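Thanks, everyone. Please have the model open while I talk.

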Amino acid sequence: MKKPDSVTDFLSSRLLRLSNTLGLYASRRYRDAFGISLPEWRVLSIIASCEPTTAREVSRNLATDKGWVSLSADSLRRRGLIKGSPDSRDGRRILLTLTAEGRKMHAAVLAVAQWRHERLLACLPEGSAALLFECLDRLQAEADAMLEESIAENGEAEARSGDPAASGRSDRP
């Protein structure tokens, strides 16, 4: 394979461009059709798949800042899509769950997300989707290892704390 000639040829740039394009599409579609922002949808979907859960666990699942997740969760709570209740085992923790309205919203947006997923995979050569996901899993594992090595080499405690500036990550998933 040829060495990249410019930053736009790097794998990370191509993945970022794809992610940004899909994010723009989803953001517009979910806002227009459901009145929900993409960050709110991401938080809602993690809560749906992991409930009961905490903002900290949601931020870990999304690999993003806990403060950003808390803002989205507060918005979802004000809209009656999620509720928070104290953890009986640790009163300092607030457990997040979907409300009945939140379940309806989740099901509606999930149907559109599944349609988009199927449309994207349908443009690939037959039988290649499983290989794509295997490759993405391998790339993620290698990227995680690279980050861990960087933290170990540089002693960057901030990179593990969720500080996007310290870790080089975006503050939005």
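Of the contacts in the chain with a separation of 6 or more, 52% are between residues 24 or more positions apart, where contact means heavy atoms within 4.5 Å. Before going on, the conditions. This is a predicted model, so to speak of local features we need pLDDT of at least 70, side-chain atom pairs count only at pLDDT 80 or more, and totals for chains, interfaces and linings use all residues. Residues are numbered from 1 along each chain as its sequence is written, and side-chain values use heavy atoms, with hydrogens and water left out.

The chain has eight helices and two strands, taken as DSSP runs numbered from the N terminus, helices being H or I with at least four residues and strands E with at least two. Along the sequence the pattern reads α-α-α-α-β-β-α-α-α-α. Of the 173 residues, 27% count as buried. Buried here is under 20% relative accessible area, exposed is over 50%, and partly exposed is in between, with a 1.4 Å probe and protein chains only.

Now to helix α3, residues 55-62. Which of its residues are buried? They are Ala55, Val58, Ser59 and Leu62. Seen down the axis of α3, these buried residues fall within an arc of 100°, so they line one face of the helix; the arc is that of the directions from the helix axis to the C-beta atoms. What does that buried set pack against? The partners are α2 (38-50), α4 (66-78) and β2 (94-98).

Let me take the α2 partner in detail. Two packed helices are described by the angle between their axes and the distance between the axes. For α2 and α3, the angle is about 110° and the axes are 10 Å apart. Axes are lines fitted to C-alpha atoms, for helices over the stretch in contact, with angles from 0 to 180 degrees between N-to-C directions. The two helices are therefore roughly perpendicular to each other; the classes are under 35 degrees for roughly parallel, over 145 for roughly antiparallel, 65 to 115 for roughly perpendicular, and oblique for the rest. On the α2 side, Arg42, Val43, Ile46, Ile47 and Cys50 meet Val58, Asn61 and Leu62 of α3. By class, that contact has six nonpolar, one polar and one charged residues. Nonpolar covers Ala, Val, Leu, Ile, Met, Phe, Trp, Tyr, Cys and Pro, charged covers Asp, Glu, Lys and Arg, and polar covers the others, Gly among them.

α2 also packs with helix α5, residues 100-122: the axes come within 10 Å and cross at roughly 110°. That makes α2 roughly perpendicular to α5. Trp41, Leu44, Ser45 and Ala48 of α2 make this contact with Gly102, Met105, His106, Val109, Leu110 and Ala113 of α5. The class count there is seven nonpolar, three polar and no charged.

One more residue in α2 is glutamate 40. Glutamate 40 counts as buried, at 10% relative accessibility. Not counting residues up to four places away in sequence, glutamate 40 touches Ser72, Ser75, Leu76 and Arg79. With arginine 79, the side chains are joined by a polar contact of 3.0 Å. A polar contact is a pair of N or O atoms within 3.5 Å; within protein, one must be able to donate a hydrogen and the other to accept it, and residues adjacent in sequence count only if both atoms are side-chain atoms.

Next, the loops on either side of α3. Proline 52 is in the loop between α2 and α3, and the peptide bond from glutamate 51 to proline 52 is cis, with omega near -10°. Threonine 54 lies in that loop between α2 and α3 as well. At 8% relative accessibility, threonine 54 counts as buried. Its side chain reaches the backbone nitrogen of glutamate 57 at 3.1 Å. Leaving aside neighbours within four places in sequence, threonine 54 is in contact with Arg93, Ile94, Leu95 and Leu96.

After α3 comes alanine 63, in the loop between α3 and α4. Phi of alanine 63 is near 55°, a positive value in a residue other than glycine. Alanine 63 counts as partly exposed, at 41% relative accessibility.
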